[in-house]
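Visitor: Could you show me how to read a few features of a structure?
Guide: Gladly; let us look at it together.

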Amino acid sequence: MLTLGGVGVIVFALYMALLVVIGIVASRYQRTSEDFWVAGRRFGIGLLVIAEVASVLHGGSVQGGVALAARFGGVAILPFISFAVASLIIVRFFAKKLRMMAGFTLPDYMGARFEGNFIRGYSAAIVGISSVLYMIAQIRVMGFLLERLLGIPFIPAMALGTSIFIAFVTLGGLLAVVWTDIFLFALMWAGLVAILPAVHAAVGGLPTVLEHADQLAPGWTSVRGVAWSWTYLISWWLVWVVGYSTRITMITKVFAAKDTKVARVSLPITDALFMIFLLYGNLYLGAAARVLVWPQVADAPDQAFPALVTFVSQLAGTPWLGAIAITGVVSAAIATADSLLLMTGAAIAHDLLRKCYYEPRGVVKEERFYLRASRITIVIVGIVSFFCAIATPDLILNIVSYAVALVGVAFFFPMLFGMGSPYVSRRAATWSSVAGSIAGMIWTVPHLVYAGWTREHAPWILDIHPVVPGLVAAAIPMLRRSTRIEMSPAALRTFFPDRVPETALAGRAATTPAARP
């Protein structure tokens with residue numbers, strides 16, 4: 001008789017074979033850094049929507065989202081509002097100007113808008129640190145899923161997942177990632193839909209399972225769930241508004257759009273598809289996990305999704321359902337991890353090495369040098385993330401929230417105000433980014449490293465997500481606006497072509513200082 005482990009090996013082997021083929025084919029198109037990092041900027045609406053959805057619906061969205069909903073309840077609806085607000089911010093304030101500048105990364109924007117090498121380099125470092133946090137979450141997702149799918153121990157499963165991440169993205173770049181996103185998008189939804197009849201047979205429809213979950217855990221269906229304070233609830237909502245609006249995997253896709261219209265139109269469609277996923281992939285499956293398997297996973301909530309899949313597959317007598325569903329979530333983790341690694345490689349190779357070190361010194365390097373530097377960075381980040389993942393016990397979605405908070409507090413105000421007004425100075429943006437990220441990192445330590453001690457001696461700290469002190473610190477430097485425009489004519493033409501008359505541009509050409517380190 002076939003078991004989940006036996007079927008899982010077959011499904012996973014077929015899946016990996018197809019990924020290798022896609023990576024090899026895509027690698028033939030990687031001739032320049034633009035090809036590797038932003039796929040030549042040739043994505044239309046359909047392709048960009050799939051790429052955006054695949055990058056947002058990462059492994060943590062499924063496995064971490066089900067764990068969060070199963071454990072705490074109604075708080076799982078918060079991303080509905082957060083993502084909708086964040087999408088509006090990107091469409092209204094960011095998408096057009098980011099695509100017009102034709103950059104590669106968020107540090108590219110910081111360097112181009114505020115014309116300083118320090119802020120560009122510091123932003124690249126923030127991207128690298130946050131990517132390690134992101135990758136820890138994705139690697140742990142892969143460990144949990146491959147442990148269940150292939151029947152191998154957790155740490156070797158994480159090592160296998162890390163190897164897949166690194167090998168695939170270094171081979172084919174963003175084009176391979178997006179080609180694969182199409183396949184992964186279909187596979188993820190096929191996996192989630194495949195288990196729907198079995199889950200429905202076990203727990204009933206959404207109203208029924210919500211009622212049952214609330215009976216087992218009173219307060220589960222309330223807005224605050226079973227354990228959250230209003231303080232943490234509001235800060236959790238805030239972290240996802242800020243996090244989604246500056247999400248590095250999303251911004252990378254905006255740079256790859258073929259024009260500004262595609263960049264702006266794709267986001268509302270992505271938003272609608274994400275809402276459908278949250279309703280089913282988090283709330284419904286989270287409630288089902290609470291009803292069916294919670295006693296088994298109460299001490300390890302991140303096991304809720306694979307435990308649920310195993311349970312309903314055995315109940316239905318069809319291990320193929322479980323293998324397809326788990327492989328679908330594996331595909332989601334791969335899609336996001338590859339985007340993260342690719343973006344980190346671009347930030348280090350393009351922003352730190354090219355823009356901050358070699359070009360200011362008049363050193364010209366070939367494109368293949370930066371491609372090689374990008375690939376080496378990807379390998380290093382993957383290995384460091386793997387070893388960090390071994391020693392990280394926190395909930396997957398909590399880890400992701402710390403990563404998005406770090407990026408959000410570093411970039412949100414310089415992006416929002418920097419694209420809204422030419423009077424935001426380099427000094428204000430730099431201090432905002434530095435103060436926000438440092439405050440956020442300091443507040444993350446008692447959450448991530450010393451959670452046990454903090455819970456016993458200073459529990460109020462855990463009631464406030466690191467995004468709150470980070471945003472407060474980041475906002476203070478922005479309160480002081482410059483009384484004059486400090487941008488060069490070239491930067492003004494890129495970001496504010498309709499706000500400044502050509503005569504003013506010509507007048508500033510002789511007086512504007514060059515970008516300083």
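Guide: Let us begin with a cysteine: C356 is buried, as its relative accessible area is 16%. Buried means under 20% relative accessible area, exposed over 50%, and partly exposed in between (1.4 Å probe, protein chains only).

Visitor: What should I know about the model and its numbering?
Guide: This is a predicted model, where local features need pLDDT of at least 70, side-chain atom pairs count only at pLDDT 80 or more, and totals for chains, interfaces and linings use all residues. Residues are numbered from 1 along each chain as its sequence is written, and side-chain values use heavy atoms, leaving out hydrogens and water.

Visitor: Is C388 buried or partly exposed, and how many disulfides are there?
Guide: A disulfide is a covalent bond between the sulfur atoms of two cysteines. Here a pair of cysteine sulfur atoms within 2.5 Å counts as one, and the structure holds 0 disulfides. C388 is partly exposed, with a relative accessible area of 30%.

Visitor: How do I read helix packing?
Guide: Two packed helices are described by the angle between their axes and the distance between the axes. Axes are lines fitted to C-alpha atoms, for helices over the stretch in contact, and angles run from 0 to 180 degrees between N-to-C directions. Helices are DSSP runs (H or I, at least four residues), numbered from the N terminus. Helix α13 (residues 260-292) packs against helix α15 (residues 304-316) at about 70 degrees, with axes 10 Å apart. The two are therefore roughly perpendicular, a label for angles of 65 to 115 degrees; under 35 is roughly parallel, over 145 roughly antiparallel, and the rest oblique.

Visitor: Which residues of α13 and α15 make the contact?
Guide: Contact means heavy atoms within 4.5 Å. L285, A288, A289 and L292 of α13 meet A304, F305, L308, F311 and V312 of α15. By class, the contact has 9 nonpolar, no polar and no charged residues; Ala, Val, Leu, Ile, Met, Phe, Trp, Tyr, Cys and Pro count as nonpolar, Asp, Glu, Lys and Arg as charged, and the others, Gly among them, as polar.

Visitor: At what angle do α16 and α17 pack?
Guide: α16 and helix α17 (residues 367-390) pack at about 130 degrees, with their axes 8 Å apart, which makes α16 oblique to α17. Their contact has 12 nonpolar, 5 polar and 2 charged residues.

Visitor: Where is W320?
Guide: W320 lies in helix α16 (residues 319-358) and counts as partly exposed at 40% relative accessibility. Its C-alpha atom is 9.3 Å from that of A194, 126 residues apart along the chain.
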